[in-house]
Every structure is written in C-alpha cells, then in structure tokens.
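Student: Can we go through the charged pairs and the surface of this one? Start with whatever terms I need.

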Amino acid sequence: MGQSVHTILDDALFHRARLESERQRKRIEDIVKEALQRYLDQQEYLQSRGGVVAASWGALKLDKEAVRDLLENEPDFLDA
C-alpha cells in the first residue's frame, strides 16, 4: 500500500509523460514514480558527495563567489 498524492502538471509535461507511458507500455503513475525516485536518488548522491562540484571530482577548482561571477558574467559558459 502507498500514499496517494495529488498534483497538477502543466500540459506539456503531462503530454510528455503520457507519450512516454505509452511508449513503455506503463501507467503514467509508474513513470512519475520512477522519475521521482531517480530525482531523489540523484539528490541523495550529490549530498553524499558534498555537492555538484565535489561529485564532479572538483573539475571546477573555484570558490562559490567565482562560480557565481562566472555564471553571471559569462552567459554562454554552460553552452560550451
């Protein structure tokens, strides 16, 4: 037995979930459960590793201010 949850999804997200459920021949409920489980597992993993920078093996050797400055002043940085 599980808990019942009511939520409202925007039309585009619901449509994508419905298409994926049809593709996999699963119920939308199962698609949403799997997505939530993956999200929570990822968050737990990142926390256990000390955050996203630590989880990336410290590829960015920058402090918080430097990262903030980079993201604010280099809008195309993440597109590379």
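Tutor: Helices here are DSSP runs of H or I with at least four residues, numbered from the N terminus. Keep in mind that this is a predicted model.

Student: Fine. Which helix holds E29 and K33, and how far apart are they in it?

Tutor: Both are in helix α2, which covers residues 28–48. E29 and K33 are 4 residues apart there, about one turn of the helix.

Student: What do their side chains do?

Tutor: The side chains of E29 and K33 meet in a salt bridge, at 3.1 Å from N to O.

Student: Which residues are in the salt-bridge network with them?

Tutor: R27 and D30. Together with E29 and K33, they are linked in a network of salt bridges.

Student: How many salt bridges does the structure hold?

Tutor: There are 7 salt bridges.

Student: Moving to helix α1. What does R18 pair with?

Tutor: R18 forms a salt bridge with E22, with 3.2 Å between N and O. Helix α1 runs over residues 11–24, and the two are 4 residues apart in it, so about one helical turn separates them.

Student: And how accessible are R18 and E22?

Tutor: R18 has a relative accessible area of 30%, which makes it partly exposed. E22 is also partly exposed, at 48%.

Student: What about E20, which residue does its side chain meet?

Tutor: R23. The E20 and R23 side chains meet in a salt bridge with an N to O distance of 2.5 Å. In helix α1 they are 3 residues apart, again about one helical turn.

Student: Is R23 buried or exposed?

Tutor: Exposed: R23 has 60% relative accessibility, and the cut-off for exposed is over 50%.

Student: Enough charges. Which residues form the nonpolar patch on the surface?

Tutor: L9, L13 and F14 form it, with about 240 Å² of accessible area together.

Student: Where does F14 lie?

Tutor: F14 lies in helix α1, the helix that also holds R18 and E22.

Methods. Residues are numbered from 1 along each chain as its sequence is written. This is a predicted model: local features need pLDDT of at least 70, side-chain atom pairs count only at pLDDT 80 or more; totals for chains, interfaces and linings use all residues. Side-chain values use heavy atoms; hydrogens and water are left out. A salt bridge is a side-chain nitrogen of Lys or Arg within 4 Å of a carboxyl oxygen of Asp or Glu. Buried means under 20% relative accessible area, exposed over 50%, partly exposed in between (1.4 Å probe, protein chains only). Patches are made of residues with over 30% relative accessible area and no salt bridge: like charges are joined within 9 Å, nonpolar side chains (Val, Leu, Ile, Met, Phe, Trp, Tyr) within 5 Å. Accessible areas come from the Shrake-Rupley method with a 1.4 Å probe; for residues, only the protein chains shown count as cover.
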